[in-house]
Amino acid sequence: MLDHDHIREMLTHRLAELRAQVANIETDLQQPLDDDFAEQAIDRADDEALDAVEQSALAEIELITRALGRLETGTYGTCTACGGAIAPKRLEAMPAAGLCIRCAH
């Protein structure tokens with residue numbers, strides 16, 4: 001049996017971490033460019049990498065938000081595609097999983 005309170009706490013903590021990460025990235029991306037063109041090229045490459053990290057964090061935020069919603073509605077652990085149970089081992093590995101292993105492939 002899964003401890004939903006522990007899962008909620010874990011997901012909430014991870015959500016806060018991700019939101020802070022996104023806020024830091026946004027701050028970094030808003031920094032003015034250097035006057036040196038070579039530095040600008042480096043900054044733009046760094047910005048592209050930061051943007052990729054931000055997109056990944058935003059996607060994880062969405063997954064966690066949905067998982068927290070399923071915890072609230074009592075549907076956590078139920079596959080959102082087929083309605084079957086998500087294996088506890090899968091939820092241990094990926095607490096925000098909304099799909100059973102069969103539907104995830």
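Biologist: By the rule applied to this predicted model, how many salt bridges does the count come to?

Modeller: Side chains of opposite charge can pair when their charged atoms come close. A pair is counted when a side-chain nitrogen of Lys or Arg is within 4 Å of a carboxyl oxygen of Asp or Glu. In this predicted model, the count by this rule comes to five salt bridges.

Biologist: How many residues apart are E17 and R14, which form a salt bridge?

Modeller: The closest N and O atoms of E17 and R14 are 3.2 Å apart. E17 is partly exposed, with a relative accessible area of 36%, and R14 is partly exposed at 31%. Both lie in helix 1, about one turn of the helix from each other, and their separation is three residues.

Biologist: What is the N to O distance in the salt bridge between E62 and R66?

Modeller: E62 and R66 both lie in helix 2, four residues apart, about one turn of the helix. E62 counts as partly exposed at 39% relative accessibility. The side chains of E62 and R66 meet with an N to O distance of 2.8 Å.

Biologist: Which side chain of opposite charge is nearest to E54, and how far away is that side chain?

Modeller: E54 lies in helix 2 (residues 37-73) and is buried. Leaving aside residues up to four places away in sequence, E54 touches V22, I25, E26 and L29. E54 has no salt bridge, because the cut-off is 4 Å and the nearest side chain of opposite charge lies beyond that limit. That side chain is R19, at 12 Å.

Biologist: Which element contributes the largest share of the lining of the largest pocket?

Modeller: The largest pocket has a volume of about 210 Å³. Its lining includes E60, L63, I64, R66 and R70. By class, seven lining residues are nonpolar, two polar and three charged. The largest share, five residues, comes from helix 2.

Biologist: How far apart in space are E60 and L18, C-alpha to C-alpha?

Modeller: E60 lies in helix 2 and is partly exposed, with a relative accessible area of 27%. Apart from residues up to four places away in sequence, E60 touches R14 and L18. E60 and L18 are 42 residues apart in sequence, and their C-alpha separation is 8.0 Å.

Biologist: What distance separates the C-alpha atoms of E92 and A20?

Modeller: E92 is placed in helix 3 (residues 88-93). E92 is exposed, with a relative accessible area of 55%. E92 and A20 are 72 residues apart along the chain, and their C-alpha atoms are separated by 24 Å.

Key. Residues are numbered from 1 along each chain as its sequence is written. This is a predicted model: local features need pLDDT of at least 70, side-chain atom pairs count only at pLDDT 80 or more; totals for chains, interfaces and linings use all residues. Side-chain values use heavy atoms; hydrogens and water are left out. Helices (H or I, at least four residues) and strands (E, at least two) are DSSP runs, numbered from the N terminus. Buried means under 20% relative accessible area, exposed over 50%, partly exposed in between (1.4 Å probe, protein chains only). Lys and Arg count as positive and Asp and Glu as negative; His and the chain ends are not counted. Contact means heavy atoms within 4.5 Å. On a 1 Å grid over the protein atoms alone, a cavity is a set of points where a 1.4 Å probe fits but cannot get out, and a pocket is an open set with protein on both sides within 12 Å along at least five of seven lines; lining residues have an atom within 4 Å of a point. Grid points are joined across faces, edges and corners, and a volume is the space filled by probe spheres set on the points. Ala, Val, Leu, Ile, Met, Phe, Trp, Tyr, Cys and Pro count as nonpolar, Asp, Glu, Lys and Arg as charged, and the others, Gly among them, as polar.
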